[in-house]
Amino acid sequence: MSEPLLPLREPLRAPDGYPQAPVSSHDETLSARRVEGLLLSTGALQRGHFLLKSGRHGDRYLEKWALLQHPDAAAEVCRLLADRALAVAAAAAIEIDLVAGPTTGGVLLAYEIGRLLGVRGIFAEEVAGESGAVRREFRRGFHIPPRARVLMVDDILTTGGSLQALLPPLLAAGAHPVAAAVVASRSPDLRTLEVPGRESIPLIAALTMSLPTYEASACPLCAAGEPIGAPGSSGR
Ligand SMILES: [Zn+2]
């Protein structure tokens with residue numbers, strides 16, 4: 001990674017016990033630790049006692065934009081994902097022709113990962129269909145060549161719905177999704193992404209973590225008398 005023109009005025013410092021510098025993407029445990037450190041040092045991963053929008057309580061909260069607003073930290077995670085994606089592609093003896101993500105976080109990720117892989121990075125926007133159902137579309141004149149091998153990217157994976165929504169327009173264009181890469185997966189059991197009518201594809205996550213939530217009546221933090229607060233809004 002080349003140095004920025006000006007050094008960051010408030011350098012990020014990972015909490016004690018976390019790697020303080022980029023680590024090899026080949027060491028999944030260490031690199032996940034590094035990513036967790038970046039999420040903590042940027043404030044993207046908060047620990048506390050939170051009242052979530054769902055009404056449930058949680059002891060951790062993930063705000064992706066706290067990470068993505070730091071170009072160097074976001075680029076470091078993108079490099080990790082690009083390395084992993086290249087390894088997956090090499091193992092399957094294929095190349096990646098295009099990177100595609102959903103708005104809004106996916107715009108940044110597709111751009112930087114596309115840059116690292118030497119291909120285009122495009123994004124799909126939400127559009128309301130005639131029935132009122134929301135779907136995703138690649139607009140802005142983005143061209144998807146038939147048979148393009150596509151790496152799909154996203155920030156936080158919860159159910160995989162945002163990535164799944166990229167599939168109809170990609171498949172309609174004749175493209176071949178080959179892998180999906182996310183900054184953080186909240187679904188440890190999800191190791192692949194289903195592709196309708198095709199083989200499922202590998203899911204690459206820079207960090208995998210479960211973020212349990214609780215009904216107020218069953219919340220251990222409430223039971224411990226911890227004061228509760230609302231996490232920062234992601235604006236979505
Ligand atoms: Zn609680």
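User: Let's start with α3 and α4. How do their axes cross?
Analyst: The model is predicted, so read this as computed geometry. The axes of α3 (residues 71-91) and α4 (residues 105-117) come within 9 Å and cross at roughly 55 degrees. The two helices are therefore oblique to each other.

User: Left-handed or right-handed crossing?
Analyst: The crossing of α3 and α4 is right-handed.

User: Which residues make the contact?
Analyst: From α3, Ala74, Ala75, Cys78, Arg79, Leu81 and Ala82. From α4, Leu108, Leu109, Glu112, Ile113, Leu116 and Leu117.

User: What about spacing along a helix, why do residues three or four places apart point the same way?
Analyst: An α-helix has 3.6 residues a turn, so residues with that spacing point the same way.

User: Back to α4. What span should it have, and how far apart are its end C-alpha atoms?
Analyst: At 1.5 Å a residue, the 13 residues of α4 should span 18 Å. The end C-alpha atoms are 18 Å apart, which agrees.

User: Which α4 residues are buried?
Analyst: Gly105, Gly106, Leu108, Leu109, Ala110, Glu112, Ile113, Gly114 and Leu117.

User: What covers them?
Analyst: The cover includes α2 (64-68), α3, β3 (98-102), β4 (120-128) and β6 (149-157).

User: What follows α4?
Analyst: Gly118, with a positive phi near 75 degrees.

User: Switching to phi. What is the value at Ala93?
Analyst: About 55 degrees, positive although Ala93 is not a glycine. Ala93 sits in the loop between α3 and β3.

User: Is Ala93 buried or exposed?
Analyst: Ala93 is exposed, with 6 other C-beta atoms within 10 Å.

User: What about phi of Arg140?
Analyst: Phi of Arg140 is positive too, near 60 degrees. Arg140 lies in the loop between β5 (134-137) and β6. With 9 other C-beta atoms within 10 Å, Arg140 is exposed.

User: Last one. Where is Arg191?
Analyst: In the loop between β7 (176-185) and β8 (192-193). Arg191 counts as partly exposed, with 13 C-beta neighbours inside 10 Å. The C-alpha atoms of Arg191 and Arg9 are separated by 38 Å, and the two residues are 182 residues apart along the chain.

Definitions and conventions
Residues numbered from 1 in each chain as written. Predicted model: local features only at pLDDT ≥ 70, side-chain atom pairs only at ≥ 80, totals over all residues. Axes fitted to C-alpha atoms, helices over the stretch in contact; angles between N-to-C directions. Helix = DSSP H or I, 4+ residues; strand = E, 2+ residues; numbered from the N terminus. Parallel < 35°, antiparallel > 145°, perpendicular 65-115°, else oblique. Left-handed = near helix turned anticlockwise from the far one by under 90°. Contact = placed C-beta atoms within 7 Å. Expected span 1.5 Å × (residues − 1). Buried ≥ 20, exposed ≤ 12 C-beta atoms within 10 Å, placed from the backbone.
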